[in-house]
Amino acid sequence: MCGICGFVSKNEITLENLISMNDTMYHRGPDDSGAEIYNGREGFSFGLAQRRLSIQDLSPYGHQPMHSYDKRISLVFNGEIYNFLELKEELKNYPYVSSCDTEVIIAAYLKWGVHCVERFNGMFAIALYDRDKGKLYLFRDRVGKKPLFYLWKDNSLVFASELKAIMKCCLFEKKINRPVLGRYLFQQCIAEPDSIFEDVYKVQPGSYLIWNGYDIEVEEYWNIPKRYAELSDKSISSYAEAKQMLKDLLIDATAKRMISDVPVGTFLSGGYDSSLITSIAQSISSNAVKTFCIGFEEKKYNEALYASRIAEHLQTDHKELVITEKQMIDLVQQIPQYYDEPFADKSQIPSMLVAKLARNDVTVALTGDGGDELFCGYNKYPQIGRMQKLDMIGMAAGHVVDAIGMRDFFRRNKKLYKASVVIDNEDKRFKTQFGGRLYDVFIRAVLSLDGVPYNEIDFKYNESGIDVKNWIVRSMLLDQKYYMTADILHKVDRATMAFSLEARCPILDYRVQELSFRLPMDYKYSKNDKKHILKDITYDYIPRELLERPKKGFGVPLDKWLHGALREQLRQYSQLDYLKRQGIFNSTETNKWINFYLENGDAGAGTGQNYSKVVWSWFVFQLWWEKYCG
């Protein structure tokens, strides 16, 4: 696990500049660093740099940039290739000098070219310079576990694991990418390929970028909707067979992620996914697995008691930290330091705290991420299934209310809010994404600077590329394609790397994901039982009574914070003179909306709309802007 950065350009970028870019990511790799610049063809120079967190082969032989034996290939790499031992056996003719997976990537590229990426099982962001071809390649793993930003401007390419490194480059210009702001405020994150800055993008999951000497090309090697379309017809008809196949794969995926030359532990929240991964890890470990959990003083958010009971049953070496509300609020001000692109998933705060706890004892932590998206775990999925049954009725009702001129009445009447959501669900691009109308009103108002219109398409993800009739399945694939990468994995990467901790996710082994595409829906969602098959496997390790309870997840009381400890800061950011000087938001409308929220809170919406969510997104953006742009 590391941080990487580099460039290809005819403009002069000095070694000192490259080192300063690299050192912005010290937290990603405190164990070692390297930075080199090479002369290329036609006046281009190439720079590669890396900050190293030593996981495999702790010796100096793992130093990066790493070069092939013939000096043809130079490479920097962030992540892990979990099947590197199998690949190394297949590529045993290469003259290895290290025992790390980085050198296996070089051997694989020399053997198979760019198609080597299709053979990698892992999480990775790779920058590879091929001197013979005069090309630079940027590879990203299938689901986007490891981040990879790039600046493309005037035939110069600059890349990095984090935005702050690119911001340090002499070629970077700080211009806010205004068209993404609506989506950010609504979704609380910025999905690939966009970023918060103009001319800066993200390499999309399952793809690689090629700089060919005069332009860049993007090639896709793995695509979630396409793989689902290819595999869903190969359904597994036997539940017993499916369960055994999934269990075997999860065991293998977990075992591969426990290969390490440094201590490994697990996050154990007490929910099904983390409990299952911890159970498997404990079952294949010769020692008690180290497990970590955060507890909350407020009982309605606290699952630590359940986690400790499960840890006791599994006989793990368990550590728990009960955190106060003040500890979480104090961490709010540090969000932009590690989330250097606006990001407002509130669970980032407890995620950072559990990572900090774990780092005291381990360098690698296994997580249960991916279970909800792959196996139908979110509460919204059954609701979406019910909405699909009402779709024809909603369209018919829409014609009626239009004929009598009552659509606006339905939208304004809080008692008819749910009915209006069904009636308004007419756009085929957003069929499984409901509600948020009051968010839309807020977002359009605050972003109406210079009369720029913001429409619904600015806020929601386009479903037209996912041709699946079942709305629950479509929503799950949409979440895997956008939400999981842009929100969940982004959150975990920054939260763990803030403390030089590597997070590994066995459920997101691509083989597990592809097997999930072959499972009939009733294996995942059966008789109102979400994640049915995953729970069934978990019961092989843990008694049902220790697990069956309502889903909580990481939560923080945003409305309370924004009206309490953060109130004055929120008010300061919404002052007319501050907003006019900033020049991003409509100062009059924004001031009005923030004051409305401060006076009324979530209850003021009148429809149960959670205003604190969108106000929190706006507040976090202001925190970020003050640090990087103010």
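This talk goes through some strands, helices and single residues of one predicted model.

A word on the ground rules. The model is predicted, so local features need pLDDT of at least 70 and side-chain atom pairs count only at pLDDT 80 or more, while totals for chains, interfaces and linings use all residues. Residues are numbered from 1 along each chain as its sequence is written, and side-chain values use heavy atoms, with hydrogens and water left out. Helices (H or I, at least four residues) and strands (E, at least two) are DSSP runs, numbered from the N terminus.

I will start with strand β3, residues 45-52. Buried means under 20% relative accessible area, exposed means over 50%, and partly exposed lies in between, with a 1.4 Å probe and protein chains only. In β3, 8 of the 8 residues are buried, so the strand is largely enclosed by the rest of the structure. In a regular strand the side chains alternate between the two faces of the sheet. Here S45, G47, A49 and R51 point one way, F46, L48, Q50 and R52 point the other way, and all are buried.

What does β3 pair with? Two strands pair if DSSP finds at least two bridges between them. Strand β1, residues 2-9, pairs with β3 in the antiparallel sense over 8 bridges, and G6 stands opposite L48 there. Strand β2, residues 32-39, also pairs antiparallel with β3 over 8 bridges, with A35 opposite A49. The hairpin of β2 and β3 has 5 residues between the strands, and in it E42 takes a positive phi near 55 degrees.

The peptide bond from Q64 to P65 is cis, with omega near 0 degrees.

Strand β4 belongs to an open sheet of 6 strands, in the order β4-β5-β6-β7-β11-β12, with antiparallel pairing. The edges are β4 (66-67) and β12 (216-220), each with a single partner strand, so one side of each is left without a neighbour in the sheet. At the β12 end, 5 bridges join β12 to the antiparallel strand β11, residues 207-211. Y208 is opposite E219 in that pair. Helix α3, residues 101-112, packs on the sheet and touches β4, β5 (73-81), β6 (122-130) and β7 (135-140). The direction of α3 makes about 120 degrees with that of β5.

Next, the helices. Two packed helices are described by the angle between their axes and the distance between the axes. Axes are lines fitted to C-alpha atoms, for helices over the stretch in contact, and angles run from 0 to 180 degrees between N-to-C directions. Angles under 35 degrees count as roughly parallel, over 145 as roughly antiparallel, 65 to 115 as roughly perpendicular and the rest as oblique. Contact means heavy atoms within 4.5 Å.

Helix α20, residues 510-517, packs with α6, residues 224-231, at an angle of about 55 degrees, with the axes 8 Å apart. That pair is therefore oblique. I224, R227, Y228 and L231 in α6 meet Q513, E514 and F517 in α20.

Helix α7, residues 239-257, packs with α20 at about 165 degrees, with axes 9 Å apart. That makes α7 roughly antiparallel to α20. On the α7 side the contact residues are M245, L246, L249, L250, D252, A253 and K256, and they meet R511, V512 and L515 in α20.

Now some single residues. T590 is in helix α26, residues 587-600, and counts as buried at 0% relative accessibility. Leaving aside neighbours within four places in sequence, T590 contacts V446, L579, F585 and W618.

Q348 is in helix α12, residues 348-359, and is also buried at 0%. With neighbours within four places again left aside, the contacts of Q348 are I335, Y339, F343, K491, A495 and W616.

Last, some backbone points to check on the screen. The bond from E192 to P193 is cis, with omega near 5 degrees, and P193 is in the loop between α5 (181-187) and β10 (200-202). Two non-glycine residues have positive phi. D154 is near 50 degrees and lies in the loop between β8 (149-153) and β9 (156-160). C376 is at about 65 degrees, in the loop between α13 (371-375) and α14 (380-389).

Which of these is buried or exposed? D154 is exposed, with a relative accessible area of 67%, whereas C376 is buried at 0%.
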